[in-house]
Amino acid sequence: MESVSRRALLTGACALLLAGTSHVPAVANPAVKKLPGGKLSVKLKDLSALSTDGGAVRIGSIKGAPVGIARIANNKYVALDLRCPHQGATVDKSATGWLCNVHLSEFENDGDLLLGPATTGLKKIPIKVSRGVAVVG
Ligand code: FES
């Protein structure tokens with residue numbers, strides 16, 4: 001009988017659990033507003049997840065793509081397309097970054113790739129911060 005690795009077993013179990021629900025919908029948040037043209041306006045201080053370096057949160061979607069913001073340093077943020085570059089599942093926040101629960105790719109908080117099967121990091125999205133408000137997209 002062929003042996004099955006722990007990773008393969010977990011991957012299969014996760015894929016079954018997540019079939020049809022490959023992502024968690026963003027929670028409506030009054031700190032996030034959709035702008036004309038589809039960009040998102042975000043009051044950063046109103047998102048407690050971004051109150052410390054290393055914090056990150058999903059803020060909504062742009063043109064159907066799930067989007068998150070991560071605080072990488074004091075007053076430095078990145079916006080990320082949360083679709084896994086492997087096969088497009090939505091990644092979730094993990095303790096230290098982002099995790100794709102379908103095949104267990106892992107990403108740093110800033111979206112850089114930590115562990116495949118994905119071969120690239122999360123796609124970065126333009127973000128401009130002024131007076132505590134980020135415009136993403
Ligand atoms: S879809 Fe395969 S690791 Fe994310």
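This is a predicted model: local features need pLDDT of at least 70, side-chain atom pairs count only at pLDDT 80 or more; totals for chains, interfaces and linings use all residues.
Strands of a sheet pair through backbone hydrogen bonds, either parallel or antiparallel.

Strand 8 covers residues 106-108 and runs antiparallel to strand 9. Two bridges join strand 8 to strand 9. Glu106 has Leu115, in strand 9, as its bridge partner.

The model has four salt bridges. One of them joins Arg71 and Asp53, at 2.7 Å from N to O. Arg71 lies in strand 4 (residues 65-73). Asp53 lies in the loop between strand 2 (40-43) and strand 3 (56-62), so the pair ties together parts that are 18 residues apart in sequence.

How exposed are the two partners? Arg71 has 11% relative accessibility, so it counts as buried. Asp53 has a relative accessible area of 45%, so it is partly exposed.

## Two other salt bridges

Arg83 forms a salt bridge with Asp81. Their closest N and O atoms are 2.6 Å apart. Asp81 is buried, because its relative accessible area is 6% and the cut-off for buried is under 20%. Arg83 is partly exposed, at 40%.

Lys45 and Asp46 also form a salt bridge. Here the closest N and O atoms are 3.4 Å apart. Lys45 counts as exposed, with 76% relative accessibility. Asp46 counts as partly exposed, with 41%.

How values were computed
Residues are numbered from 1 along each chain as its sequence is written. Side-chain values use heavy atoms; hydrogens and water are left out. Two strands pair if DSSP finds at least two bridges between them. Helices (H or I, at least four residues) and strands (E, at least two) are DSSP runs, numbered from the N terminus. A salt bridge is a side-chain nitrogen of Lys or Arg within 4 Å of a carboxyl oxygen of Asp or Glu. Buried means under 20% relative accessible area, exposed over 50%, partly exposed in between (1.4 Å probe, protein chains only).
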